[in-house]
Amino acid sequence: MSSMPDHPIKSIDIVNKGLNRRYRAEKRFRRIGLGAVVISITFLSLLFISIIGRGHGAVFQTHMLLEIHFDPEIFIGVEAGAADYARLVKQALHAQFPDAATRGEKRALYGIVSSGAAFQLRHMVMEDPGLIGKRQSIWVSADDDVDMLIKGNLSAESGRLSENQLAWIERLQAQARLKKKFNTAFFTAGDSREPEQAGILGAASGSFFTLLITLMLSFPIGVATAIYLEEFAPKNRWTDLIEVNINNLAAVPSIVFGLLGLAVFLNAFGLPRSAPLVGGLVLTLMTLPTIIIASRASLQSVPPSIRDAALGIGASKMQMILHHVLPLAMPGMLTGTIIGMARALGETAPLLMIGMVAFIVDIPGGFTDPASALPVQIYLWADSPERAFEERTAAATMTLLLFLIVMNGFAVVLRKRLERRW
Amino acid sequence: MFKKAMYLTVSLALLGFFATTPAAADAARDYVSIVGSSTVYPFATVVAEQFGKTTAFKTPKIESTGSGGGFQLFCTGVGVSYPDITNASRRMKKSECALCEKNGVQAVVEVKIGYDGIVMANTKKAKRLSLTRKALYLALAKKVPDPSGKEAWVENPYKTWKDIDAALPAKKIEVLGPPPTSGTRDAFVELVMENGAKSFGWIKAMDKKEFKNAAHTLREDGVYIEAGENDNLIVQKLEANPDALGIFGFSFLDQNTDKIQGAKIDGVAPSFDAIADGSYPVSRPLFFYVKKAHVGKIPGIAEYLKAFSSEKAWGPEGYLADKGLIPMPDAERKKTAADVANLNELPCDGLN
């Protein structure tokens with residue numbers, strides 16, 4: 001028998017010996033976590049900085065002050081709506097710069113004003129026919145090349161603007177007749193091929209109608225499915241099969257839903273192409289699994305004691321669900337729905353197949369009007385050759401992100417206000 | 001209260017769905033529906049927008065589906081649920097015309113709208129290149145004729161432009177271009193690669209299928225980089241990489257003249273005038289096709305055709321020229337406009 005050591009090893013010694021190492025490991029573990037947070041925040045802020053840095057310019061648009069004379073001559077013999085308003089703009093430009101004499105020079109001169117100026121004048125006369133015959137100073141939007149030059153996105157040597165045009169612009173600037181003003185068109189107009197007239201309202205309305213259909217269909221169907229599966233369905237092979245398939249459906253790439261929409265809603269049912277109605281139906285298919293899964297999870301988190309108590313005091317199963325379980329599960333269901341809707345808001349792939357990736361100028365007024373959607377608008381502008389669409393693409397992205405942040409914020413608030421903990 | 005809200009939502013949803021469905025399916029369409037090429041898209045949209053703003057008709061709806069996808073949709077049938085017009089950056093194929101006929105789309109009117117140049121450009125920070133179609137073929141084909149002059153194929157050995165032609169700079173060959181799904185790629189292969197291959201007599205003498213195989217296959221060793229359909233992206237990449245050459249449509253060069261420059265091809269630089277008079281060799285015609293059966297049924301088609309074929313739109317001073325479309329010569333424009341006005345049909349037999 002060997003002799004006992006003088007100091008028997010106590011467990012506290014073993015603990016103490018390893019303590020430093022454990023502290024270090026703990027610190028390392030925390031640092032890795034913190035590092036992960038820092039990395040993701042850095043990427044997020046890089047994204048925001050780059051998008052806002054590029055897109056903030058689109059909030060303002062260069063306008064120029066023109067002395068418009070609503071010459072009664074152009075209104076003779078035609079309706080006020082059909083008059084040649086472009087001539088009024090040309091006359092005003094000509095009065096200001098009489099040095100443009102040749103045909104080419106005149107063309108260059110007319111080129112510094114947006115072709116939307118004529119529509120602006122038309123709108124003014126339609127609103128107030130009393131303008132005819134009067135003279136007025138009016139701010140009209142400048143051509144996109146001028147806008148880019150003023151904003152510093154286009155160098156004067158590019159050749160996009162001729163020497164004459166540059167000289168005219170300088171003179172306008174010297175007379176303070178060139179100013180950046182709030183870009184109302186961007187928030188009130190539909191798509192356009194002229195960057196200075198292009199707006200996101202058309203795409204935003206398209207997204208709104210599409211999401212409304214999606215919400216109206218996917219929320220009730222999703223919640224009803226979840227309630228049935230969770231509260232009523234017997235546990236057997238069939239319900240297992242359904243469950244597996246719902247989970248599978250959640251993982252299907254979104255373009256597949258677009259193909260399905262094309263085959264079923266357009267070809268078999270004969271619904272109109274490019275309509276928010278069909279877009280909504282397709283996105284419903286896509287969001288349903290998300291909502292069902294979230295709703296089931298939140299139903300499961302309602303303690304069984306609530307159900308037992310309700311049944312115990314004589315409530316029917318339907319009363320138990322509608323009066324007690326559902327209100328408690330609602331915050332989770334709503335959160336799931338909003339997250340599903342946020343994903344639907346950002347989708348373009350399924351919309352491609354059903355014709356919503358399209359150039360649509362008129363702002364949709366209903367569920368069957370042709371419409372595009374916000375992410376589609378971003379995609380189409382990103383692909384346009386005009387330089388000025390670059391900042392508009394970024395500005396549209398900002399709008400989409402804003403929508404997403406608002407929706408997700410709404411989900412957080414709902415959860416905070418309605419959630420109950422046990 | 002909650003119950004009520006729930007019932008209300010459900011019934012509203014169902015009502016909304018069933019109320020709109022049959023109405024929408026039966027209703028006549030009151031706007032022109034256009035599909036097709038992404039190359040023609042920037043031009044067709046300008047006409048559509050002008051048309052919508054200056055007439056009482058609604059603005060036509062234009063989908064960018066690619067030329068092939070456009071013909072597929074266009075030829076599916078006659079009726080409000082099918083498009084009225086399809087844009088194309090190449091001529092309709094015989095097989096597509098046959099598909100149309102099979103599905104009852106008998107009478108189709110072809111409208112040539114003008115030309116589009118394909119440019120090979122690099123950043124302005126580097127020197128402008130002067131290339132030939134033969135040099136481009138040798139730079140980009142997967143298999144090229146043996147440099148020693150034998151009539152045999154070798155894997156493309158060229159690393160720098162100087163390897164191909166001593167007059168060219170000693171810079172790495174690096175070309176960013178569109179993927180095979182793109183009409184621009186089709187046109188590039190046809191106009192540059194085929195032409196370059198034909199400069200070798202023995203390749204030219206090969207049978208059609210073998211020749212196509214030889215001329216159409218691009219390098220896969222990283223020299224030709226498929227940069228996606230987005231031409232803006234290619235322009236941005238060119239700025240970052242002074243050695244790279246990009247392939248895209250003339251309108252993108254036109255809009256970015258402060259950043260990039262087009263290489264001379266066979267001695268001619270890509271400019272509006274050089275493409276218009278045909279001296280710049282790499283240009284292709286653009287088209288759209290109209291379903292005659294829809295004219296008069298869908299409001300606005302005839303008027304849209306008239307707007308498109310007006311001098312104000314496609315003339316040398318027209319607004320399409322401002323967007324980079326190269327107009328046809330005067331006589332051809334006049335003739336096409338007359339054909340369009342009479343809705344002259346396109347026979348399938350004349351197509352390839």
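In what order do the 3 strands of the open sheet in chain A stand, and is the pairing parallel or antiparallel? In this predicted model, the strands of chain A follow the order β2-β1-β3, and their pairing is antiparallel. Strands β2 (135-141) and β3 (178-182) of chain A stand at the edges; each has a single partner strand, so one side of each lacks a neighbour in the sheet. Direction ignored, neighbouring strands of this sheet are turned against each other by 40 degrees on average. Strand β1 of chain A, residues 60-69, pairs with β3(A) over 5 bridges in the antiparallel sense. Within this pairing, Met64(A) has Leu178(A) in β3(A) as its bridge partner.

Helix α3 (residues 103-110) and helix α6 (residues 163-174) of chain A have axes that come within 9 Å and cross at roughly 50 degrees. This angle makes α3(A) oblique to α6(A), and the crossing is right-handed. On the α3(A) side the contact involves Glu105(A), Ala108(A) and Leu109(A), which meet Asn164(A), Gln165(A) and Trp168(A) in α6(A). By class, the residues of the contact between α3(A) and α6(A) comprise 3 nonpolar, 2 polar and 1 charged.

For helix α10 (residues 254-268) and helix α11 (residues 276-300) of chain A, the axes cross at roughly 130 degrees and come within 9 Å. Helix α10(A) is therefore oblique to α11(A). The crossing of α10(A) with α11(A) is right-handed. Helix α10(A) contributes Ser254(A), Phe257(A), Gly258(A), Leu260(A), Gly261(A), Phe265(A) and Leu266(A), and these meet Val278(A), Leu281(A), Val282(A), Leu285(A) and Met286(A) of α11(A). The residues of this contact divide into 9 nonpolar and 3 polar, with no charged residue.

Helix α12 (residues 304-312) and helix α13 (residues 317-345) of chain A also have axes that come within 9 Å, with a crossing angle of roughly 145 degrees. Helix α12(A) passes α13(A) in a right-handed crossing. The contact is formed by Ile306(A), Arg307(A), Ala310(A) and Leu311(A) from α12(A), together with Lys317(A), Met320(A), His324(A), Val325(A) and Leu328(A) from α13(A). Sorted by class, the contact of α12(A) with α13(A) holds 6 nonpolar residues, 1 polar residue and 2 charged residues.

Disulfides were searched for across the whole structure, and 2 were found over all chains. One of them is formed by Cys75(B) and Cys100(B), whose sulfur atoms lie 2.0 Å apart. The link of Cys75(B) and Cys100(B) has -75 degrees about the S-S bond and is left-handed. The pair links distant parts of the chain, 25 residues apart. Cys75(B) lies in the loop between α3 (67-74) and β3 (85-88) of chain B, whereas Cys100(B) lies in helix α4 (residues 94-102) of chain B.

How values were computed:
Residues numbered from 1 in each chain as written. Chains lettered and ligands numbered in written order. Predicted model: local features only at pLDDT ≥ 70, side-chain atom pairs only at ≥ 80, totals over all residues. Heavy atoms only, no water. Axes fitted to C-alpha atoms, helices over the stretch in contact; angles between N-to-C directions. Helix = DSSP H or I, 4+ residues; strand = E, 2+ residues; numbered from the N terminus. Parallel < 35°, antiparallel > 145°, perpendicular 65-115°, else oblique. Left-handed = near helix turned anticlockwise from the far one by under 90°. Contact = heavy atoms within 4.5 Å. Nonpolar A, V, L, I, M, F, W, Y, C, P; charged D, E, K, R; others polar. Pairing = 2+ DSSP bridges. Disulfide = S-S within 2.5 Å.
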